[in-house]
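This report describes how selected side chains are arranged in one protein chain. Please look at the structure first and then follow the text with it in view.

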Amino acid sequence: MAPALVDYTTAEKELYEFDDLKIGIKGLVDAGVTHIPKFFIHPPECRANNSSTRQNNGYDGVEIPVIDLEGFNENDDRRVKMVSAIRYACATWGFFQIVNHGVPLAIMEDMMESIRRFHEQPQEAKMEWYSRDFSRKVNYYSSGDIKGRAKPVQAEWRDTLSCRAADDQWDFDALPELCRREMKEHMKNMIDLQEKLSELMSEALGLSKDHLSSNGYLKSIRLSGHYYPACPEPDLTLGTIKHSDPSLLTLVLQDKSNGLQVLHNDQWVDVPAVDGAFVANIGDFMQLLSNDKFKSVEHRVLATSLGKPRISAATFFLPCAKDIHKPCGPIKELLSDNSPPIYRITSYAEFMSHYRVVGQIGGRALPHFKL
């Protein structure tokens, strides 16, 4: 029998009541739910089993690019090939996987285990971190930013531990002790990897290799440790709704569970787990700065009925905190008579204000800034 249509206004009220319990999705699962609450039920057209979309891992032989960073510091053909591969991936997919990136496997494994450890600790121990005050350095919450959205949207089957640093200045003592050491080591390595990719992306745009870094475009950081519990009715909900990122660059460490998908040529394509790899994707603000030379694409995470949770660590690189109100637009070195600006002058603060209106409910923020 098909589920009844959901009154989403009533569902929103019940979602807020659930959020006030501060138990997260993990708390629901631990309580033994066999049917998901109605505020998690998404419209049929948005679900993974919607017949208007097709999901394939490498449909028609097409697969998400995998870029090998072996030999990054060598000035030889390998570097040239890396830049070419980055240019292709950023321009055509907006998503790619990175191998031989220099981050030790032990650091990656420790990070994933620390996320699991935080989310699977006793509920009472986690509740002190539960907050939707995003001015805090650390937050634990479920279902995304449900109270910052412009209209009622179905909840997502996901718990998150999030922390942030302005201009990569971390207060590591503010992190939960249970995962502090692992998150600290992970972030040190993420900053190093971002610096490598920043060079390659700058060169791929035809700019000096220090262009993105010297302008502070990827200076601030937000880290989210996501925990997607097994769902009793995964066909009715989503782990993360369709969206694009507001960042410039996002780096994702995912476990061996499937579920992450990218929208490519109107097809949902699985992003398979590759041993020792990071997933990278271009964010909306990078597309704006690059004047559409790099593409930010929509993606989502499916809910799963498998007996174990899906775990990931997403690192978002954002503009320098002191410059978020500074006027900016497409990088002037990329403009010419044959390549006029596509986007108007704005600021990251203005962009984020609009993203919170449309981007968090499955829309796209970029069209609002087109000339």
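## Cores, rings and cysteines

Apart from neighbours within four places in sequence, L197 is in contact with L69, I86, F96, I98, L249 and L251, where contact means heavy atoms within 4.5 Å. The model is predicted: local features need pLDDT of at least 70, side-chain atom pairs count only at pLDDT 80 or more, and totals for chains, interfaces and linings use all residues. Residues are numbered from 1 along each chain as its sequence is written, and side-chain values use heavy atoms, with hydrogens and water left out.

**Nonpolar cores**

In soluble globular proteins, nonpolar side chains tend to be buried together. A nonpolar core is here a set of buried Ala, Val, Leu, Ile, Met, Phe, Trp, Tyr and Cys residues joined through side-chain atoms within 4.5 Å. Buried means under 20% relative accessible area, exposed over 50%, and partly exposed in between, with a 1.4 Å probe and protein chains only. The largest nonpolar core has 88 residues, and L197 is among those with the most contacts inside it, as are I86, F96, W170, M201, L251 and F351. Helix α6 (residues 180–204) gives the most to this core, with 9 residues. Helices (H or I, at least four residues) and strands (E, at least two) are DSSP runs, numbered from the N terminus. A second, separate core of 15 residues includes I41, C231, L236 and A303.

Helix α6 also holds E182. This residue, E182, is buried, with a relative accessible area of 9%. Leaving out residues up to four places away in sequence, E182 touches D110, M111, S114 and R117.

**Aromatic rings**

A pair of aromatic rings is described by the distance of the centres and the angle of the planes. Rings of Phe, Tyr and Trp (its six-membered ring) pair if their centres lie within 6.5 Å; planes under 30 degrees apart count as stacked, over 60 as edge-to-face and the rest as tilted. The structure holds 13 aromatic pairs, and two of them are set out below.

| Pair | Centre distance | Plane angle | Class |
|---|---|---|---|
| F18 and F40 | 6.1 Å | 75° | edge-to-face |
| F285 and Y348 | 4.9 Å | 80° | edge-to-face |

F18 lies in helix α1 (residues 8–21) and F40 in the loop between α2 (24–30) and β1 (55–56), 22 residues apart. Both F18 and F40 are buried. F285 lies in helix α8 (residues 284–289) and Y348 in helix α9 (residues 348–358), so this pair ties together parts that are 63 residues apart in sequence. F285 and Y348 are buried as well, and together with F351, Y355 and F369 they form one aromatic cluster.

A charge sits over a ring if NZ of Lys or CZ of Arg is within 6 Å of the ring centre and within 35 degrees of the ring normal. R79 lies over the face of F72, at 4.6 Å from the ring centre. The charged end of R300 is placed over the ring of W268, 4.1 Å from its centre.

**Cysteines**

How many disulfides are there? With a disulfide taken as a pair of cysteine sulfur atoms within 2.5 Å, the count comes to 0. C163 is in no disulfide, and the nearest cysteine sulfur, that of C179, is 8.0 Å away. C163 is buried, with a relative accessible area of 1%. The sulfur of C320 is 12 Å from the closest cysteine sulfur, in C328, which is too far for a bond. C320 also counts as buried, at 8% relative accessibility.
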